[in-house]
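Here's a quick tour of a few packing details in this one. Have a look at the model first, then read on.

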Amino acid sequence: MCMTTDDRLTASTMPYLGNEDTVKDLRRVLSNPHVQSDQLRYRNAILKVIRLMSQGVDVSTLFSEMVKACATVDIVQKKLVYVFLCSYASLNPELSLLVINTLRKDCQDPNPMVRSLALRNMTNLRLPSLMEYVEQPLTAGLRDRAACVRRVAVLGWAKLHNLQPNSEIDAAVVNELYSLLRDPDPVVMVNCLRALEEILKEEGGVAINKPIAHHLLNRFKECDVWGQSEVLKILQRYQPHSEDELFDILSLLDTSLVSPHVPVMAATLSLFLSLCATLPAVSLAALERVRAPLLAACGSASREIRFTVLCHIQLLLRSVPGLMGAHYKRFFCGYAEPAYIKQRKMQVLVELVNDDNVAMLLDELKEYCTDVNADTAQAAISAIGRIGRSYSDRCLMILTGLLELKQDNITSAVVQTMRDLVWVCPQCSDTVCYALEGCEEMLHDSQGKQALLWLLGTYGDKVISAPYTLEAFIDGVRCETSPAVKTELLTATLRLFLCRPAETQDMLGRLLHYGIEEETDMCVRDQALLYYRLLQSGVDETRKVLQGRRSDPSLGVLIGRPAEPVSQWAHIFNTLKPLTQITSETESVKNRSFQHTAFKPNSDLSGSMNSYQLQSVHSDSCEEDAQSPPDLLSTSTIVPLSLLPTLNPAEFEHLWTQDIAESEEDVFCMIEHIVCHNVSRSSPQSFQAAMQLVNIQTLAFTPTHVLPWRVYLYTHTEASPCSTLILGELLCTENANEEGAYGVTNDDHDSNKIVAEREIGRQGNHEEEVSLEGRNNSDLAKDNGEIAMLKVTLKQQPRDDRALRGFLSILTTVLHTLSQESE
């Protein structure tokens, strides 16, 4: 049996079997008059050409035959031919001119579908030489009676401008597009917005005035989902002229905040935040409204939507930390979810931890630590470490248990997490050091080795086997390929030598000899030379360099980040930036650099602290201080403060709750009231930085903007022959402008008086009220400002009146400085 031409063509057009012979056969078929007269066979032949093109076969040699095929009344055949012509027009610019006459003729076809198809493909040819033939049909298309043609014509002008961005669009066309904003078809209206955005990009996009804004709002519900998103995005440029107009707009769009369509909900919230930049209460109310649709979107079938929603929820939690607190179970990870969604969910869970759910969240995160995906397991361990900053005992128990699994990736992640945790919470060092025994055998990656070496060097005096562990690393240093590990090994060995010289001297010498004489990496060699020359200057000088006072970040707001104003992130909401923003705290363990997570005080705040003049504190009970000038603290009252020895939370709680009457030591208790501006609005980072500048350690915070606002702190003074410990509590419960707050009247505020109520124990069981003159600052007397009365409770052991007055003066100075920074 002989095969026909069509049969041979069918056999030769099977996938991956296309070749030159196949293209030649197609050319013969397309040129055959008998095939051209049979509409079905002709369409099938064109369909085979498109199929080969989609499979990657070069069929550009059929361009002239396909040009002839576009002259047909069959719409399906026209669509197929236009797909081919738009794909190969740039390779055949001269032959493409033959298509223009057919397309211009189709633009006048009675069928609106043919007219719109012709207009779309005229602009899709994307040939600058053909643009002069396109302008007239596009202009006529703007006035076409069919909406589908007007839709294509509007976007055609945007394509035309994109193809020739340096050419100027006729002002009449721009005016025509503006007039089409009132087109009865909502798609035409939205397409006009998109086209004007492209054409007027250099001028800032569409100009939105009051009539246009109100027209878009009235037509808002007629648009589809993407049209509504586009309208809401454009409306962010409009600023209402009055508060009544603003609330009318918000009321009109209120239902869109709870839209089941995520793009509409996100665009509406972005518009709310933009319009309500000066109304924080309205912004917070809008965030509360979107909680339900956001939670619903977290269960979307689309992974991309779920990930995007999780990233934006993290933004919302920066201003409203408790927004999702009651719904934390919605962020538990599913077994089949991809790793990137699991990691984002764990980051959100860390933000939602509180005393009520910490046990359940830790149990859930513990299950993720053994995930088959190494990145997910490391992210879970890192999340437990971040929670451990507030719940160290529970988290350390879990981390220690994970070390018993003896798995390489888990052990490495746990050691790195313990290193980060002990840096923030030094009171955990004993438990961490005990858990390090034997970990070196399971560490094979450079990050884990660096973490272990840092711990051994810093707390080597608490780890019994530290010299033997370092000796094993030194013996294998020639096989080590990571310069970072070698550098960390040098530092750890020298630090251990300073506290355990007898056990470490020999191995330190061998390591320095290798680093100077044999090491090829210049960074490691220079580090070894530095330490060698440092040792030549003496052990005392070396100890000053390597064992100086370490940075000690805050132990305070460790559950999530401090509350931020909405305005700090509102401009990036509903953009791609939240999807790419990763802070140093939430990065994967293997990608983190420990040095970059260390706390650095605010240099600007440091400058203002140094330039701020210390105020005077007067006490009727001390004649010496009563004679000092009223505007400057006497030098005899300034006392040196120290952070050492450190005090862990358990010890602080025991001393703070200890009853004065039951104490056998000399304990003194005092209560002061200080007027401050916005001190409760200071971020924990700024507050911690300011306190550390004057050697006051903050132990715990409550979140910003939360009342009552409370801070616990402590310090040691060295003004007298014996050191004294001072514990403090700062409490802000209400606005001092309110009548009767803390018993302070408005007259007291106007006179800038600070009323101090002192409760004296052990040495004097009596109470007295002392009027202290505060800093003469006009800002403290503003009636329209936010003036808060801060209650300061101090406990001292043993009692030292002069040291306590000096500490109170420094604390008052810091609080007033922070008040100015907040303003």
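Apart from neighbours within four places in sequence, Phe84 touches Val49, Ile50, Met53, Val59, Leu62, Phe63 and Met66, where contact means heavy atoms within 4.5 Å. Together with Val59 and Phe331, Phe84 touches the most other members of the largest nonpolar core, which has 196 residues. A separate, second core of 29 residues includes Ile674, Phe687, Trp709 and Ile726. Such a core is a set of buried Ala, Val, Leu, Ile, Met, Phe, Trp, Tyr and Cys residues joined through side-chain atoms within 4.5 Å.

Keep in mind that this is a predicted model: local features need pLDDT of at least 70, side-chain atom pairs count only at pLDDT 80 or more, and totals for chains, interfaces and linings use all residues. Numbering starts from 1 along each chain as its sequence is written, and side-chain values use heavy atoms, with hydrogens and water left out.

Now for a helix pair, with helices being DSSP runs (H or I, at least four residues) numbered from the N terminus.

| Helix | Residues | Some residues at the contact |
|---|---|---|
| H9 | 131-142 | including Met131, Glu135 and Leu138 |
| H10 | 147-163 | including Val149, Arg150 and Trp157 |

H9 and H10 pack at about 145°, axes 8 Å apart; axes are lines fitted to C-alpha atoms over the stretch in contact, and angles run from 0 to 180 degrees between N-to-C directions. Their contact has nine nonpolar, three polar and two charged residues.

Finally, Thr698 is buried, at 0% relative accessible area (buried means under 20%, with a 1.4 Å probe and protein chains only). Its C-alpha atom is 9.3 Å from that of Gly728, 30 residues away along the chain.

How values were computed. Buried means under 20% relative accessible area, exposed over 50%, partly exposed in between (1.4 Å probe, protein chains only). Helices (H or I, at least four residues) and strands (E, at least two) are DSSP runs, numbered from the N terminus. Ala, Val, Leu, Ile, Met, Phe, Trp, Tyr, Cys and Pro count as nonpolar, Asp, Glu, Lys and Arg as charged, and the others, Gly among them, as polar.
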